[in-house]
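This report is intended for a reader who meets the structure for the first time. Please consult the sequence and the model shown here before reading on.

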Amino acid sequence: VTDKPVARIDGLIATAKGGSILVQARGAVTGGGWKHAALKPVKPVLPGDAHTIVLSFVAQPPPSNQAVIPGLLPVTAVLRIKTRKGVVSVRVTSAVNEITTQILK
């Protein structure tokens with residue numbers, strides 16, 4: 001099963017501590033059965049993103065033969081990543097929107 005972008009992202013917090021950044025995201029999927037929500041780095045990093053960490057908010061959708069209840073259901077994901085010099089913000093994308101936030105110290 002391949003990861004697919006979650007339906008939307010509703011909230012994003014990024015906090016620097018020590019040599020790492022803790023990224024916490026809240027969002028929603030389109031129905032029941034989704035699992036393993038995660039934040040994954042987007043590659044390749046574009047030249048305009050030198051000071052921004054870009055992540056994709058994804059989850060594993062239910063199998064196509066599984067009956068699911070449609071409707072927006074909440075999901076969360078947390079990722080701790082090593083910081084690199086000059087990074088000041090984090091951007092997370094979903095299927096329909098994206099949020100960028102400054103890294104709190």
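## Salt bridges

R8 and D10 are joined by a salt bridge in which the closest N and O atoms are 2.7 Å apart; the term denotes a side-chain nitrogen of Lys or Arg within 4 Å of a carboxyl oxygen of Asp or Glu. The model is a predicted one, in which local features need pLDDT of at least 70 and side-chain atom pairs count only at pLDDT 80 or more, whereas totals for chains, interfaces and linings use all residues. Residues are numbered from 1 along each chain as its sequence is written, and side-chain values use heavy atoms, with hydrogens and water left out.

Three salt bridges are found in a search of the whole structure. They are listed below.

| Pair | Closest N to O distance |
|---|---|
| R8 and D10 | 2.7 Å |
| R91 and E98 | 3.8 Å |

Strands here are DSSP runs (E, at least two residues), numbered from the N terminus.

K40 is partly exposed at 37%, and D3 is partly exposed at 30%.

A nonpolar core is a set of buried Ala, Val, Leu, Ile, Met, Phe, Trp, Tyr and Cys residues joined through side-chain atoms within 4.5 Å. The largest such core has 21 residues, of which I21, V23, L39, L55, F57, V90 and V92 touch the most other members. At least two residues of this core come from each of β2 (8-17), β3 (20-31), β5, β6 and β7 (89-93).

Strand β5 also contains S56, which counts as buried at 17% relative accessibility. Beyond its neighbours within four places in sequence, S56 is in contact (heavy atoms within 4.5 Å) with A38, L39, K40, V42 and T93.

Conventions:
Buried < 20%, exposed > 50% of the residue type's maximum accessible area, 1.4 Å probe, protein only. Helix = DSSP H or I, 4+ residues; strand = E, 2+ residues; numbered from the N terminus.
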